[in-house]
Amino acid sequence: MSDSTWVSTSMPYLSPQGKGQSDAWAEEAAARGGKGTQRIVHAGEISAPDGVAALLRVTPGDLVVVRRRIIELDGAPCELTDTYYPVAIARGTPLAETGKIRGGAVTLLAGLGHVGVRVREDVTARMPDADERTALRLGPSEPVLRLNRVTLDAEDRPIQADLMVMPAHRQQLRYEIRIG
């Protein structure tokens with residue numbers, strides 16, 4: 001493993017930020033001496049693709065809100081993240097707009113009364129498609145990791161689904177699980 005490998009844990013991204021805190025990515029990057037930013041390339045309502053519909057438990061084609069972002073570390077792309085929300089939760093909120101959300105989306109969701117209590121993540125590896133390869137500045141033989149996450153509330157309702165693509169050679173995902 002090279003020094004450029006980023007070891008990441010999901011936990012900071014699942015809890016609302018405290019008052020006055022930046023988003024979790026900016027804070028994690030800063031704690032490691034870097035500058036974490038994100039560019040929102042699209043936000044708004046779309047028809048739910050099959051995989052997203054399954055995660056959010058809606059019918060394929062139903063309207064959902066998506067925020068498509070390019071996550072950057074020190075100005076270089078390191079992750080592509082599409083975050084989806086049920087339209088009943090996100091319509092008319094900053095989640096459906098391209099502006100930065102103070103404290104991040106999880107903090108906004110909590111303020112709207114939607115708090116995640118359980119998360120399921122599935123990680124796979126594959127070769128990137130042409131658009132992913134270009135956006136992440138990858139060579140033709142460099143694979144990516146795909147992390148799909150769904151966040152559920154106390155009533156076991158999906159409130160958010162994230163589809164993330166990241167260069168495999170620059171990532172290590174760490175999972176710590178409390179037993180009992």
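Student: How do you know that strand 6 (residues 144-152) and strand 7 (residues 158-167) pair?

Tutor: Nine bridges join strand 6 to strand 7 in this predicted model. Pairing needs at least two bridges, so the two strands count as a pair. They run antiparallel.

Student: Which residue of strand 7 is the bridge partner of Arg 146?

Tutor: Val 165 is the bridge partner of Arg 146.

Student: What is the order of the strands in the open sheet?

Tutor: The six strands follow the order 2-3-4-7-6-5, and their pairing is antiparallel.

Student: Why is one side of strand 2 (36-47) and of strand 5 (118-126) left without a neighbour in the sheet?

Tutor: Both stand at the edges, and each has a single partner strand, so one side stays without a neighbour. On average, neighbouring strands of this sheet are turned by 15° against each other, direction ignored.

Student: Now a loop residue. Why is Lys 100 called exposed?

Tutor: Its relative accessible area is 60%. Exposed means over 50%, so Lys 100 qualifies. Lys 100 lies in the loop between helix 3 (87-90) and helix 4 (105-111).

Student: How far apart are Lys 100 and Arg 39?

Tutor: In sequence, they are 61 residues apart. In space, the distance is 8.8 Å, C-alpha to C-alpha.

Student: Where in the chain is confidence lowest, and where is it highest?

Tutor: Strand 1 (residues 6-9) is lowest, at a mean of 48. Helix 2 (residues 50-56) is highest, at 97. The chain has a mean pLDDT of 86, and 81% of its residues reach 70 or more. Where pLDDT is low, predicted coordinates should not be read in detail.

Definitions and conventions
Residues are numbered from 1 along each chain as its sequence is written. This is a predicted model: local features need pLDDT of at least 70, side-chain atom pairs count only at pLDDT 80 or more; totals for chains, interfaces and linings use all residues. Side-chain values use heavy atoms; hydrogens and water are left out. Helices (H or I, at least four residues) and strands (E, at least two) are DSSP runs, numbered from the N terminus. Buried means under 20% relative accessible area, exposed over 50%, partly exposed in between (1.4 Å probe, protein chains only). Axes are lines fitted to C-alpha atoms, for helices over the stretch in contact, and angles run from 0 to 180 degrees between N-to-C directions. pLDDT is the predictor's confidence in each residue, from 0 to 100.
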